[in-house]
Amino acid sequence: MHFTVVSSLDSQCREAAAERLGRTHDNSVVVLHDLLDGSLVLRRVFRDGRLFERETTLLEHGCLSCTVRLDVIPTAERLAACGFDHVVLGLPPGVATGMAVDELRRGLDAPVVVDNAVLALDPAEVDNQIWDRHTLFESGFTSMPSDERTSGEFLVGEFGQVDTVLMSPGLGSVLSGNPGEGSESWLTGVELLGELAPHAHLVAPADTFRPGCFDPAEAAARNKPGVVRLPVSESQGSFTTVLHKAGRPLHPGRFRDALPHLASGTHWMRGRLWIASAPATRIAVQGIGPRVWLESTGAWLADRPESVPGTDVDAALDWHPSHGDRGTVLALTGYAQDIDAQEVRDLLDSCQLTEAEMEADFAVWEDPLDLSNSL
């Protein structure tokens, strides 16, 4: 059974994308799900642009994951059994593509082929959404008070999952009278998308859509915490991405002091850290707009005797003869006027242990980042 999965924060963009995707295959059906207040799920099913089913379901525990598991997946299975060759699933706003694809593969008995994973959005809104401090609930994107993700966190997560970004004017642009495609904010957003999702096909309303692009293995590799993938070439426009690597462990105190300066003004900071206070732990760092966090991703491959470097492509590419995959790799994306590449490199280099500090026992380092308790 063939599926195309559409995620979005904007119902208008999602519906425009789903309607278009329904025409990419013969014998297609389009399903749009929405989680409303009071744990009520609204389901609409279209064929050839015409609505032929509209139902609501009351869930005992209304959340996005329950909506997918208890209504989206059963609906997909039912439509597949009806003989449709291709189902377009317009996910409820805020549902992550990766979760939906995993549930499809677990929940359906027949083999599942995902032709495309698509993010529908308005490029003119992306910059503001990356920097919005409000949660998805506070911004009105979901009906779940417990959803503490920001719009920027949702979008960056989706950029790693999808193969295509379908662009169209969203509800915000329509209500504000924004001229939409071709406007300055639209073009700026398209340029930003090229930095944040360099692998994705950016498809405007008049562009040709390319079906069959989804590569699940590549999507999984892009989304591993700590992995850094860069645009094919350095941008010469409004945005830039700076990459820097440090081959010695970072002094925890100096890095703690440097982190706010590194993150300041960056739309997206990502990478992995080798810190002296937790030298055997591969620490992923991510900053999206106003939020920055660290998380453990386990031991370095070099500290796992049973591991083979070649089994992890990203680690193998950075493998060093003396310290293996241990090291700091950091990429920062933002406005070119706000990111000074040399300043970033100097700041990160200043966080490395000196030759004298390298001689010390790592157990003596204080832990101002509280890595020992949180990792």
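Let me begin with glutamate 355 and arginine 248, whose side chains meet in a salt bridge at 3.8 Å, N to O; the term denotes a side-chain nitrogen of Lys or Arg within 4 Å of a carboxyl oxygen of Asp or Glu. Glutamate 355 lies in helix α12 (residues 355-358) and arginine 248 in the loop between β9 (239-246) and α9, so the pair ties together parts that are 107 residues apart in sequence. Helices (H or I, at least four residues) and strands (E, at least two) are DSSP runs, numbered from the N terminus. At 56% relative accessibility glutamate 355 counts as exposed, whereas arginine 248, at 29%, counts as partly exposed. Here buried means under 20% relative accessible area, exposed over 50%, and partly exposed in between (1.4 Å probe, protein chains only).

This is a predicted model, in which local features need pLDDT of at least 70 and side-chain atom pairs count only at pLDDT 80 or more, while totals for chains, interfaces and linings use all residues. Residues are numbered from 1 along each chain as its sequence is written, and side-chain values use heavy atoms, leaving out hydrogens and water.

How many salt bridges does a search of the whole structure find? The search finds 16. In one of them, arginine 14 meets aspartate 34 at 3.0 Å, N to O. Arginine 14 belongs to helix α1 (residues 11-21) and aspartate 34 to strand β2 (residues 28-36), so this pair ties together parts 20 residues apart in sequence. Both arginine 14 and aspartate 34 are buried.

Finally, the axes of helix α9 (residues 252-263) and helix α11 (residues 341-351) come within 9 Å and cross at roughly 165 degrees. That makes α9 roughly antiparallel to α11, a term for angles over 145 degrees.

Methods: Axes fitted to C-alpha atoms, helices over the stretch in contact; angles between N-to-C directions. Parallel < 35°, antiparallel > 145°, perpendicular 65-115°, else oblique.
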